[in-house]
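Subject: Structure handover

Hello,

Here is the structure for you to look through. My notes follow below it.

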Amino acid sequence: MKLKRIATAVVATMLFASSTVAFGQSSTSKKAVEKMTCEEFVGLESSFKPDAVYWAIAYGEDGKPESAGVSVEGIQQIIPVVIEACQKTPKESFWQKVKAEFTKLRQKL
């Protein structure tokens, strides 16, 4: 009997926690990456930032694939650079900032 109550409490807690996380996300997370500003990117949860950078590198502004492949090491290097650049210029386009920083990184390699 106690085990059933504990299991019910654990399930209820997990459901409550997941719903809190879902409702806690800002409306900027629903905005298309190609239309996102640097300020909106900086406001994303840290776990979502790499995904946004991956997408911006691989796809064009129209949402169609641009790149056949990108190395994970290269993207891992560019994420902190993009975050820093976006913090300096929050009103600029996130997508354009990623493309510019990626071009700079590619020229160095």
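First, a definition: the expected span of a helix is 1.5 Å times one less than its number of residues. Helices here are DSSP runs of H or I with at least four residues, strands are DSSP runs of E with at least two, and both are numbered from the N terminus. With that in hand, take α5. It has 15 residues and reaches 21 Å from its first C-alpha to its last, close to the 21 Å expected at 1.5 Å a residue.

Some ground rules. This is a predicted model, in which local features need pLDDT of at least 70 and side-chain atom pairs count only at pLDDT 80 or more, while totals for chains, interfaces and linings use all residues. Residues are numbered from 1 along each chain as its sequence is written, and side-chain values use heavy atoms, with hydrogens and water left out.

The overall picture

The protein chain has 5 helices and 0 strands. Along the sequence the pattern reads α-α-α-α-α. Of its 109 residues, 28% count as buried. Buried means under 20% relative accessible area, exposed means over 50%, and partly exposed lies in between (1.4 Å probe, protein chains only). Contact means heavy atoms within 4.5 Å. Among contacts between residues at least 6 apart in sequence, 57% join residues at least 24 apart.

Helix α5 and its cover

In α5, the buried residues are F94, W95, K97, V98, K99, E101, F102 and L105. Their cover includes α2, α3 and α4.

Two of these residues deserve a look. V98 sits in helix α5. V98 counts as buried because its relative accessibility is 0%. Leaving aside neighbours within four places in sequence, V98 is in contact with V53, A56, I57, I78 and V82. The C-alpha atoms of V98 and I83 are 9.4 Å apart, and 15 residues separate the two along the chain.

E101 is also in helix α5. Its relative accessible area is 12%, so E101 is buried. E101 touches I78, V81, V82 and A85, not counting residues up to four places away in sequence.

How the helices pack

For the angles, axes are lines fitted to C-alpha atoms, for helices over the stretch in contact, and angles run from 0 to 180 degrees between N-to-C directions. Under 35 degrees counts as roughly parallel, over 145 as roughly antiparallel, 65 to 115 as roughly perpendicular, and the rest as oblique.

Start with α4 and α5. They pack at an angle of about 130 degrees, with their axes 10 Å apart. That makes α4 oblique to α5. The crossing of α4 and α5 is right-handed. A crossing is right-handed if the near helix is turned clockwise from the far one by less than a right angle, and left-handed if anticlockwise. From α4, the residues G74, Q77, I78, V81, V82, A85 and C86 meet F94, K97, V98, E101, F102 and L105 of α5.

Next, α3 and α5. Their axes come within 9 Å and cross at roughly 75 degrees. The two helices are therefore roughly perpendicular to each other. On the α3 side are A52, V53, W55, A56 and I57, which meet F94, W95, V98, K99 and F102 in α5.

Last, α3 and α4. Here the axes come within 10 Å and cross at roughly 105 degrees. This pair is therefore roughly perpendicular too. K49, P50, V53, Y54 and I57 of α3 make the contact with I75, Q76, I78, I79, V82 and I83 of α4.

Helix α3 covers residues 49-58, and K49, A52, V53, A56, I57 and A58 are buried in it. The cover over these residues includes α2 (38-42), α4 (72-88) and α5 (94-108).

The start of α5

What caps the N-terminal end of α5? S93 does: a side-chain oxygen lies 3.4 Å from the backbone nitrogen of W95. A polar atom of the S93 side chain also lies 3.2 Å from the backbone nitrogen of Q96. A polar contact is a pair of N or O atoms within 3.5 Å; within protein, one must be able to donate a hydrogen and the other to accept it, and residues adjacent in sequence count only if both atoms are side-chain atoms.

S93 lies in the loop between α4 and α5. S93 touches M36 and C38, not counting residues up to four places away in sequence. M36 is in the loop between α1 (2-24) and α2. M36 is buried, because its relative accessible area is 3%. The C-alpha atoms of M36 and E92 are 8.9 Å apart, with the residues 56 apart along the chain.

Best wishes
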